[in-house]
Amino acid sequence: MYPDGTIEKVLTEQEAANLDVEIAKYKGAIVPGFINTHCHLELSHMLGQIPEKTGLVEFVQSIIKSRQGDAAEIKAAMYHADQKMFDNGIVAVGDISNQVSSKEIKENSKIYYHTFIEAMGFNPERADAIMDYVKEIKQAFVPLPASVVPHAPYSVSQPLFELIREEAENDNTFISIHNQETDNENAFFENKTGGFLNLYQFLGLDISFFEPTKKTSLQSWLPYIKEQKSLLVHNTVSSKADIEFAKQTNSDLYWCLCPQANLYIENALPDVDLLINEGVKITLGTDSLASNHQLNILSEMITLQKHKQVGFEQLLSWATLNGAEFLALDGQFGTIEPGKKPGLNLIQLSSEFAIESDKVHRLV
Ligand SMILES: [Zn+2]
């Protein structure tokens, strides 16, 4: 390895012995830096504030009611969360932002951030105005990498989806969206029923213009973004028919799992075996400290190993290479290969490849 962390060569024990190089020995497994493809740094001050297992509809209302706070405290919480992610072996983050407040932290961070500026607006008549607003935030993030993205199927109108897709196409970038986090989302699209009706009422939104599509959420909105490279986040209630529809509609999709946030909010987990069997590309995310006790990808891997019996090697590719590929960072991150600068983490594994601890020892 070069002093700046770039990998020079990967050698077997025998090859290293022949070269007469200095060898440092570690107990455990050395893996590439982790990629967190879904986070909301802006919500870091909300650690421990939102009640668990209330369901998404309650959760969203709690966030709206209590996300305000003292600007200095919010900033301090973001700095702290960023440092914790670094200590937990994370080298790159796809981070959702609704404001520009995280820019300073990202500029000063040792972590690579791609910011997803979230557009929200279900009334089709507001699409242009909302797009203008989020483009201003994107502009404010320059020179940091950022793209405008839809928040969720139930909070973005078709014209707004189309504007976001055009913007992403022009910028040659990728987008991210919260997808099928609860059954209420499908019920809303299929027949305009379920808990989201309460949410719109809480928000004071008149949705009389909305006609149910008679399809699941994913099958309703996915065609609006055409072939744009996208990350679908959560997928807690995505069915086999949804996944097959998605594969046929867009060949450049990544499926992000945030298991600890799913357990926190809905006390449910996606059908991970189904996603594996369908052969889709899976990445991992922590979501925010409003819905998680920590921002630690290794801990998410342990949760999936425990609840879904996913093999270590598979989890590792989700946590490293797939995330790097989605964020278009696989030239630098994701694998330990000559020429890359992936970050190196030492972790503890049992002889059966069970991850024994969520503590990461960062070697680089
Ligand atoms: Zn989220």
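User: Is Phe188 buried or exposed?

Analyst: Phe188 counts as buried, at 0% relative accessibility, where buried means under 20% relative accessible area, exposed means over 50%, and partly exposed is in between, using a 1.4 Å probe and protein chains only. This is a predicted model, in which local features need pLDDT of at least 70 and side-chain atom pairs count only at pLDDT 80 or more, while totals for chains, interfaces and linings use all residues. Residues are numbered from 1 along each chain as its sequence is written, and side-chain values use heavy atoms, with hydrogens and water left out.

User: Which protein atoms are donors of the zinc ion?

Analyst: The protein donors are His38 (NE2), His40 (NE2), His178 (NE2) and Asp287 (OD), which lie 2.1 to 2.6 Å from the zinc ion; donors are N, O and S atoms within 2.8 Å of the metal (3.2 Å for Na, K and Ca), and since water is not among the atoms, sites may look incomplete. Along the chain these donors follow the spacing H-x1-H-x137-H-x108-D. Helices (H or I, at least four residues) and strands (E, at least two) are DSSP runs, numbered from the N terminus.

User: And why is the site called irregular?

Analyst: The angles among the four donor atoms run from 83 to 172°, and four donors count as tetrahedral if all angles lie between 85 and 135 degrees; four count as square planar and six as octahedral if opposite donors are over 155 degrees apart and all others between 65 and 115, and anything else is irregular.

User: How buried are His40 and Asp287?

Analyst: His40 is buried with a relative accessible area of 10%, and Asp287 is buried with 5%.

User: Switching to rings, how many aromatic pairs are there?

Analyst: The count comes to 17 aromatic pairs, where rings of Phe, Tyr and Trp (its six-membered ring) pair if their centres lie within 6.5 Å, and planes under 30 degrees apart count as stacked, over 60 as edge-to-face and the rest as tilted. One of them joins Phe122 and Phe209, whose ring centres are 5.9 Å apart and whose planes stand at 45°, so this pair is tilted. Phe122 is buried at 8% relative accessible area, whereas Phe209 is partly exposed at 36%.

User: What about Phe188 and Phe210?

Analyst: Their ring centres are 4.4 Å apart and their planes are at 10°, so the pair is stacked. Phe188 sits in helix α7 (residues 183-191) and Phe210 in the loop between α8 and α9, 22 residues apart.

User: Which residues do ring pairs link into a cluster?

Analyst: The cluster takes in Phe122, Tyr154, Phe188, Phe189, Phe196, Tyr200, Phe209 and Phe210.

User: Which charged ends sit over the ring of Phe86?

Analyst: The charged end of Lys110 sits over that ring at 4.2 Å from its centre, and the charged end of Arg362 also sits over the ring of Phe86, at 3.8 Å from its centre. A charge sits over a ring if NZ of Lys or CZ of Arg is within 6 Å of the ring centre and within 35 degrees of the ring normal.

User: Last one, where is Gln61?

Analyst: Gln61 lies in helix α2 (residues 56-66) and counts as buried at 11% relative accessibility. Leaving aside neighbours within four places in sequence, Gln61 is in contact (heavy atoms within 4.5 Å) with Leu199 and Phe202.
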